[in-house]
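Welcome! Keep the structure open beside you and try each exercise before reading its solution.

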Amino acid sequence: MRTLAPLAALALLTACHAELAGAGPIGDGGMPADDGDVHEMPEPEPEVCFVPDDLGTSSERLTIGEAVSGACSTSVVRALSEQLVQEIQCLRPGSMARIDDIPGVRLGSATFPWMQRPATDALRAATSGGGTLSLNSTLRTLPQQYLLYRWYQTGRCGISLAARPGRSNHESGLALDTSDHSAWRSRLEARSFRWLGSSDPVHFDYVGGGTVDLSGLSVLAFQKLWNRNHPEDPIDEDGLYGPQTESRLARAPSEGFPIGARCDEPEPEPEPEPMPMPMPARLAIDWRRETSGEYVLTASAPETTESVEYTIDGRVIGTAIRTWGTDFAMVAGTCEDHDTHVVEAIARDAANAELARAVGLLEASGGTAIAIRPRGASTYEIALERASSEVAALEVEVDGFVLTDEVSGATRSPRLAVRYTFSTLGARTFVLRSLDASGTVLAERTLTFELR
């Protein structure tokens, strides 16, 4: 595991912390109180700070080929599978429907909640009479089938038989497996589900009308996604599972591609009218500290943003893509070194071109902490996080000038945050003062931060 570079080596941020004589702390997790001395901050512990420890949110996630030797669950490729279903919907609009909202249907932890729409409607009708139908498997996408087939080939995970990718009935979106087959057989058969028989008693295929031929469609969907994200290494978009597709599938990210499904290529835009001063794209960074101690980074990005990359102190934490959510959430791991850290986000569009970037300041502390959050072009919010109950207002002075909060209109902000649009960026000296209800300064904090 790589360690974080020392903060001083970044040459981006310097901070000194001073306590008013006789004053209390900014908050219950802030600076030492009442002695009036200048205190050195504890040494950071880079080996445990901001290291994503969840496979589903780390930037260093597995490729599908690496996942073969990992845990025996196809849920590791769920995010990529969701992208493939969306691409299939682009190729065959309306052909797929979710089944996780059907009353009486219980899905296993690794069961992918999609089937063809007619099969979904028939399943809904079959369960309308009451009872609970537990499903072990329904639709399998190409990466899910790849894992099962490789586990079968290598003798792992108890897989005694698996079809080659592109050849499984489950890839059609018409098959389901249930261990409750005896109890549910008559109701499923009444809704056009055909029981496969004693050779595979858990398996049913929907044989009613209105379905489409998805043969090779999952393969084609992957080929399109790969080419969209790797124009430098294209493969044939023929829907055939061959050596080209297999080798790219093994190298594909289990968490999904930065650029997801595209149903319609955008029309060429007309030449815009010249603007004397084009407005820069807006990008805002936010974060929250969970009760577990993990920090979650989020971003409010331009509408055309497809991915947001986060770094802390110059170290890449991960890339969040739009298909995970429009807040581009990313778990940044845990840290409680009471030190300040530079957080940067870069927003990119579908062509991977940079749209905007923003830089903020996060203090890693379980108690009261300070934050400087970018809120758009030249706009920042300076705030206290998790302040103690005695703190009633925050005053922020920058280079000797007291800021007026653009939200509350006050220089002493009762919301413990000051939002301000700066006319001049660059290195600025911030003085944060916490005040009680009478206006008495409880504590003061001075730091230098480079606005960019």
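**Exercise 1.** In this predicted model, find which residues Glu395 touches, leaving out those up to four places away in sequence. Then decide: is Glu395 buried or exposed?

*Solution.* 
- Start by locating Glu395 in strand 18, which covers residues 393-398.
- Next, list its contacts: Glu395 touches Val402, Thr411, Arg412, Val431, Leu432, Arg433 and Leu435.
- Finally, check accessibility. The relative accessibility of Glu395 is 12%, and buried means under 20%, so Glu395 counts as buried.

**Exercise 2.** Work out the strand order of the open sheet of three strands, and say which strands stand at its edges.

*Solution.* 
- Read across the sheet: the order is 6-8-7, and the pairing is antiparallel.
- Strand 6 (175-177) and strand 7 (193-195) each have a single partner strand, so they stand at the edges, with one side of each lacking a neighbour in the sheet.
- On average, neighbouring strands of this sheet are turned by 30° against each other, direction ignored.

**Exercise 3.** How many salt bridges does a search of the whole structure find? Pick out some and say which parts they join.

*Solution.* 
- The search finds 26 salt bridges.
- Take Arg98 and Glu82, whose side chains meet in a salt bridge at 3.5 Å, N to O. Arg98 is in strand 2 (residues 96-98) and Glu82 in helix 2 (residues 78-91), so this pair ties together parts 16 residues apart in sequence. Arg98 is partly exposed at 32% relative accessibility, while Glu82 is buried at 18%.
- Move on to Arg373 and Asp286, whose closest N and O atoms are 2.9 Å apart in their salt bridge. Arg373 belongs to strand 16 (residues 369-376) and Asp286 to strand 9 (residues 284-289), 87 residues apart. Arg373 is buried, at 8%, whereas Asp286 is partly exposed, at 26%.
- Another pair is Arg289 and Glu336, which meet in a salt bridge at 2.8 Å, N to O. Arg289 lies in strand 9 and Glu336 in the loop between strand 13 (330-334) and strand 14 (340-348), so parts 47 residues apart in sequence are tied together.

Note on methods:
Residues numbered from 1 in each chain as written. Predicted model: local features only at pLDDT ≥ 70, side-chain atom pairs only at ≥ 80, totals over all residues. Heavy atoms only, no water. Helix = DSSP H or I, 4+ residues; strand = E, 2+ residues; numbered from the N terminus. Buried < 20%, exposed > 50% of the residue type's maximum accessible area, 1.4 Å probe, protein only. Contact = heavy atoms within 4.5 Å. Pairing = 2+ DSSP bridges. Axes fitted to C-alpha atoms, helices over the stretch in contact; angles between N-to-C directions. Salt bridge = Lys/Arg side-chain N within 4 Å of Asp/Glu carboxyl O.
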